[in-house]
Amino acid sequence: MKHSLTKLFSLKRGAMRGAFLMALAGIGFAGAAQAAPIHVTDGLFGLEEWTVSATNGAPARSTVSSASFNVGSPGGTRFYVEQSTGGAPGSTLGHTLNLMYDLGSFKPGGTAGLFTDVFFQNGADDYVVHITESGIQAFEKDHDVRSPVDAAGGFDLSSPVWSLLDADELALAKFHAGASIGSSPNYADPHLIIEFDLSIDTTAGASPFAALAPDGLYKTDPAFWSGSVGGAGRPTIVVGSAIFTLTSNGAVTVIPVIGPGGLPVLQAIPEPGTLLLLGAGLLGLIGANRRRL
């Protein structure tokens, strides 16, 4: 399974203008399965990271969850998610949440200038990680305030409801991203593949003072996630939306959220807690092509 070198998205570590790392072709995990698969956020569809084989797109382990969405064509996009520690999945709460977006409907030739927005709820706050060729910018706002939408149908990140994360928050979050063009077990034709990860706060319940010194940004409570792709002069297309629940045994439960027309939605209704979101997700199961082991 070959992938081409891409300059679609870069990585920034630590601070907004931190070190630069591009998604590279030719590295990853093609070949024999490894006893201990390792996640590398390089934008490649690493088979030992995610799936059973080069011809089977089913999740490789019970700790990998996956869902597909009818974007561009039936089942035209799919994402995978798993916890890991040091890149390796385990049987306890991990320190990193790894995601991969396998975007079969996004073919080479029209990918120049694209951006990806990864949106997620995190307790009382919402975050958007905006990934472009220039690097990563991360924004946050209060969850009770709905984000304005721009003319292309994506987040209006120029709105004053959003604020940029500072250097300390970015260092805690440890955002990484990578992208490439290649084939996958789900889609034979070359297409866009995006990977993203961030840190998990494992200190919940550890002590009364744990909240004062978290070891990661993302909390383990059920939360809404979405991914969208757009660019200058293009409409923004939502490629997936779901409720994630992280469990202490290393698994991630995924409930797809489906909106009008059977498509994923950009953002969640701003309500405290997650009951409304869970209801939306359960209704979405009627129209979702969901696979989770």
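The model is predicted, so local features need pLDDT of at least 70 and side-chain atom pairs count only at pLDDT 80 or more, while totals for chains, interfaces and linings use all residues. Residues are numbered from 1 along each chain as its sequence is written, and side-chain values use heavy atoms, with hydrogens and water left out.

**Whole protein.** The protein has three helices and 18 strands; helices (H or I, at least four residues) and strands (E, at least two) are DSSP runs, numbered from the N terminus. Of its 293 residues, 53% are buried, meaning under 20% relative accessible area with a 1.4 Å probe, protein chains only.

**Strand β15.** Select residues 223–231, which form strand β15 and include G227. Is G227 buried or exposed? It counts as buried because its relative accessibility is 1%. Now show what touches G227: beyond four places in sequence, its contacts (heavy atoms within 4.5 Å) are Y101, D117, I237, V238, V239 and G240. Next pick S241, 14 residues from G227 along the chain; their C-alpha atoms are 6.6 Å apart.

**Confidence.** Colour by pLDDT, the predictor's confidence in each residue, from 0 to 100. The mean for the protein is 81, and 76% of residues reach 70 or more.

Where pLDDT is low, the predicted coordinates should not be read in detail.

How values were computed. Buried < 20%, exposed > 50% of the residue type's maximum accessible area, 1.4 Å probe, protein only.
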